[in-house]
Amino acid sequence: MKVVTIENIVKRFKMEVLVGHHELHRQLKKTKVRRPGLEFMDKFDFIATEHVQILGKNEINYLHTLTDEECKLRIANIVQYDPPCIVITSNQEEPLGLRQYCMEEHIPVLRTPDSTSEMSAKLDAFVTKEMAPEIAVHGVCVNVSGIGILLRGKSGVGKSETAHTLIGRGHRLIADDIVVLKKLSPQTLLGTHDEKNKEFLALRSIGLLNVVRLYGRAAFQEESRIALDIELTEWQDNALNNELELDTKFKTYMDVPIPHIQIQLQPGRDVAGLIEAAANNWYLKQQGYSAVEEFMKRLEPEFND
């Protein structure tokens, strides 16, 4: 898991630092931000600690109605929850006493023109992705018609060449050779690059290509949720290659199950076309349609005769 500091979010969202310029090295330990409610009143053991605290219009207006001593008391109650920083939204004026108290407690106070809802959503998404458990796998990640696909297979099997063909058909590269997988939730796996291989695609006999320089921005995407795991394998003559898969197979990464299919390679096979078909078929299944189920229903009258 990567370390996220206050400095990271200041730079990412271009925030103004009101207090704590020398405390930006502080680390975030929780992925969700909080708007103080009961935190203003007292210290409660059932409320989680170490969350970024956001002061929106409602909170600031409330603090402005208090006397200096009451305001400091409410702010002191928030500090008990050990927030790594306090964020003031909508470019509001800071409450009296907030600056001094946070200076004494070494808590950075940041300000942003974004609204509370906008800033909360941005911060939650950014910190969740940055702090997510991650692993690196050998393969290629592509986005086919909006569907994230992880291509795997032995070295030299043709993963990068297949990705290049898919790019030519209007799809997008996410990462080549090394794919970083991030676990955002028990059901969500995000595929991205490792920064070093960003925009690059390595093709045997050709060399290294920058797909953005060659084919434009539409050829590349920073990240994509992984919906399918496709393994490219060598052709096996004795294998049953036209079986009807009634039960979906899965490949698990960090305890997240991803639907898995295997595509056997043979000279002349349109592998890119098969991957497009697999992506579209997956999409139809998400809409509740299964070609196999419909086919089996059509056979039922014959079985009943």
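## Surface and charge

The protein exposes about 16,700 Å², and carbon and sulfur atoms supply 50% of this area; accessible areas come from the Shrake-Rupley method with a 1.4 Å probe, and for residues only the protein chains shown count as cover. The structure is a predicted model, in which local features need pLDDT of at least 70 and side-chain atom pairs count only at pLDDT 80 or more, while totals for chains, interfaces and linings use all residues. Residues are numbered from 1 along each chain as its sequence is written, and side-chain values use heavy atoms, with hydrogens and water left out.

The protein carries 37 positive and 44 negative charges, whose mean positions are 3 Å apart. Lys and Arg count as positive and Asp and Glu as negative, whereas His and the chain ends are not counted. The place of a charge is NZ of Lys, CZ of Arg, CG of Asp or CD of Glu.

## Overall form

The protein has a radius of gyration of 26 Å, whereas a compact globule of 305 residues would have one near 19 Å. This radius is taken over C-alpha atoms, and the globule rule is 2.2 Å times the number of residues to the power 0.38. Along the principal axes, the C-alpha trace spans about 85 × 55 × 25 Å.

Nine helices and 13 strands are present; these are DSSP runs numbered from the N terminus, with helices (H or I) of at least four residues and strands (E) of at least two. Of the 305 residues, 47% count as buried (under 20% relative accessible area; exposed is over 50%, and partly exposed lies in between, with a 1.4 Å probe and protein chains only).

## Helix α1

Helix α1 covers residues 6-13, and Ile6, Ile9, Val10 and Phe13 are buried in it. These residues lie on the same side of α1 because they cover an arc of only 105° around the axis, the arc being that of the directions from the helix axis to the C-beta atoms. The buried residues of α1 pack against β1 (16-19), β4 (109-111) and α5 (116-131). Lys14, which follows α1, has a positive phi near 50°.

Ile86 belongs to strand β3 (residues 86-88) and is buried, with a relative accessible area of 1%. Beyond its neighbours within four places in sequence, Ile86 is in contact (heavy atoms within 4.5 Å) with residues including Gln53, Leu55, Cys102 and Leu110.

Glu234 lies in strand β11 (residues 223-234) and is exposed, with a relative accessible area of 59%. Leaving aside neighbours within four places in sequence, Glu234 is in contact with Gln264 and Leu265.
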